[in-house]
Amino acid sequence: MTGKYPPRTGITNFIGGDRSGKLLPAPNQDHLALEEVTIAERLRDDGYTTFFAGKWHLGMGRYSPNARDSVPG
């Protein structure tokens, strides 16, 4: 959603994924940080109308796409 590789945002595995195993997993965020600007937010700031459709596996509550809409870009 940001145009970055996931590890650059702190996400090193799919959110909600099974992280068990013999090796210690890399640290992993359970949401996309609010400071990260999504492509939709950038387009909105440039005057485009955007909407969310489909799955969002980047956080719940204040990290959901509808909550992110109120965060200034």
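This is a predicted model: local features need pLDDT of at least 70, side-chain atom pairs count only at pLDDT 80 or more; totals for chains, interfaces and linings use all residues.
Together with Ile 39 and Leu 43, Tyr 48 makes a nonpolar surface patch of about 310 Å².

## Two salt bridges

Side chains of opposite charge can pair when their charged atoms come close. A search of the whole structure finds two such salt bridges.

In one of them, the side chains of Lys 4 and Glu 36 meet with an N to O distance of 2.8 Å. This pair links distant parts of the chain, since Lys 4 and Glu 36 are 32 residues apart, although each of them belongs to the segment before helix H1 (39-45). Lys 4 is partly exposed, with a relative accessible area of 42%, whereas Glu 36, with a relative accessible area of 15%, is buried; the value for Glu 36 places this residue in the buried class because that class takes in everything under 20%.

The other salt bridge is formed by Asp 45 with Arg 44, and here the closest N and O atoms are 3.5 Å apart. Asp 45 has a relative accessible area of 39% and is partly exposed, and Arg 44, at 24% relative accessibility, also counts as partly exposed.

## Glu 35 in the segment before H1

Glu 35 has its place in the segment before H1, and with a relative accessible area of 67% Glu 35 is exposed.

## The largest pocket

The largest pocket holds about 350 Å³ of space. Its lining is made up of 15 residues, and those that lie nearest the centre of the pocket are Ala 40, Thr 50, Phe 51, Phe 52 and Pro 65. H1 and H2 are the elements that give two or more residues to this lining.

By residue class, the lining of the largest pocket divides into seven nonpolar residues, five charged residues and three polar residues.

Notes:
Residues are numbered from 1 along each chain as its sequence is written. Side-chain values use heavy atoms; hydrogens and water are left out. A salt bridge is a side-chain nitrogen of Lys or Arg within 4 Å of a carboxyl oxygen of Asp or Glu. Helices (H or I, at least four residues) and strands (E, at least two) are DSSP runs, numbered from the N terminus. Buried means under 20% relative accessible area, exposed over 50%, partly exposed in between (1.4 Å probe, protein chains only). Patches are made of residues with over 30% relative accessible area and no salt bridge: like charges are joined within 9 Å, nonpolar side chains (Val, Leu, Ile, Met, Phe, Trp, Tyr) within 5 Å. Accessible areas come from the Shrake-Rupley method with a 1.4 Å probe; for residues, only the protein chains shown count as cover. On a 1 Å grid over the protein atoms alone, a cavity is a set of points where a 1.4 Å probe fits but cannot get out, and a pocket is an open set with protein on both sides within 12 Å along at least five of seven lines; lining residues have an atom within 4 Å of a point. Grid points are joined across faces, edges and corners, and a volume is the space filled by probe spheres set on the points. Ala, Val, Leu, Ile, Met, Phe, Trp, Tyr, Cys and Pro count as nonpolar, Asp, Glu, Lys and Arg as charged, and the others, Gly among them, as polar.
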